[in-house]
Amino acid sequence: MSTTPTILREGNYTTWAAQTRTQLIKAGVWHHASTTISPPSAPGTSATAAERQEYRLHHEAEGKALGTILEHLSPSNARLVAEKTAKEAWDLLKTTHAGQTPHHQFLLFQRLLIKQQAESESLTAFHSRIQTAADELTASIK
């Protein structure tokens, strides 16, 4: 089953990070976003087949990690992380969007207060939306 990725916007960093991290783990490239990995040297003319393979695999994984992050970003956030590694992009987005300022916390609190159950929405779905909003507020306080 295919799902539409959550696009990173003001106030949804916690949800975005959890969903994007899951996608990176599924793709087997989370370590490229969570750890500083030194790329192997570009293979020269005397490189062995193993060295060329290591170089190719590293750059494929790095591209997959960065591509996964980029597909979950708005154009302005994509410009923010242009020409970064997956790790640099992940860290910059966290620093930029995981704001724990009083203003950000107040906005999260307001969003929690104005949640209403939609007319055709099940109680379980409504509870899930409330829980997600509460989790975002709690995460901003820690």
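This dialogue goes through some features of a predicted model and how each can be read.

Reader: Which conventions hold for the numbering and for the predicted model?

Author: Residues are numbered from 1 along each chain as its sequence is written, and side-chain values use heavy atoms, with hydrogens and water left out. The model is predicted, and local features need pLDDT of at least 70 while side-chain atom pairs count only at pLDDT 80 or more, although totals for chains, interfaces and linings use all residues.

Reader: How should I read the angle at which the axes of α1 and α5 cross?

Author: Helices (H or I, at least four residues) and strands (E, at least two) are DSSP runs numbered from the N terminus, and axes are lines fitted to C-alpha atoms, for helices over the stretch in contact, with angles from 0 to 180 degrees between N-to-C directions. Angles under 35 degrees count as roughly parallel, over 145 as roughly antiparallel, 65 to 115 as roughly perpendicular and the rest as oblique. Here the axes of α1 (residues 13-26) and α5 (residues 86-97) come within 11 Å and cross at roughly 165 degrees, and the two helices are therefore roughly antiparallel to each other.

Reader: Which residues of α1 and α5 meet?

Author: Contact means heavy atoms within 4.5 Å. On the α1 side there are Tyr 13, Trp 16, Ala 17, Thr 20, Arg 21 and Leu 24, which meet Trp 90, Leu 93, Lys 94 and His 97 of α5. For the classes, Ala, Val, Leu, Ile, Met, Phe, Trp, Tyr, Cys and Pro count as nonpolar, Asp, Glu, Lys and Arg as charged, and the others, Gly among them, as polar; this contact divides into six nonpolar, two polar and two charged residues.

Reader: At what angle do α3 and α5 cross, and what classes of residue make up their contact?

Author: The axes of α3 and α5 come within 9 Å and cross at roughly 25 degrees, so these two helices are roughly parallel to each other. Glu 62, Ala 65, Leu 66 and Ile 69 of α3 make the contact with Ala 86, Ala 89, Trp 90 and Leu 93 of α5, and by class there are seven nonpolar, no polar and one charged residues.

Reader: Which residues touch the most other members of the largest nonpolar core?

Author: In soluble globular proteins, nonpolar side chains tend to be buried together. A nonpolar core is a set of buried Ala, Val, Leu, Ile, Met, Phe, Trp, Tyr and Cys residues joined through side-chain atoms within 4.5 Å, where buried means under 20% relative accessible area, exposed over 50% and partly exposed in between (1.4 Å probe, protein chains only). The largest core here has 18 residues, of which Trp 16, Leu 24, Ile 69, Leu 73, Trp 90 and Leu 93 touch the most other members, and the elements giving two or more residues to this core are α1, α2 (30-34), α3 (49-70) and α5. Leaving aside neighbours within four places in sequence, the contacts of Ile 69 include Trp 16, Leu 24, Trp 90 and Leu 93.

Reader: Is His 32 buried or exposed?

Author: His 32, found in helix α2, counts as buried because its relative accessibility is 4%. Beyond its neighbours within four places in sequence, His 32 is in contact with residues including His 58, Glu 62 and Lys 87.
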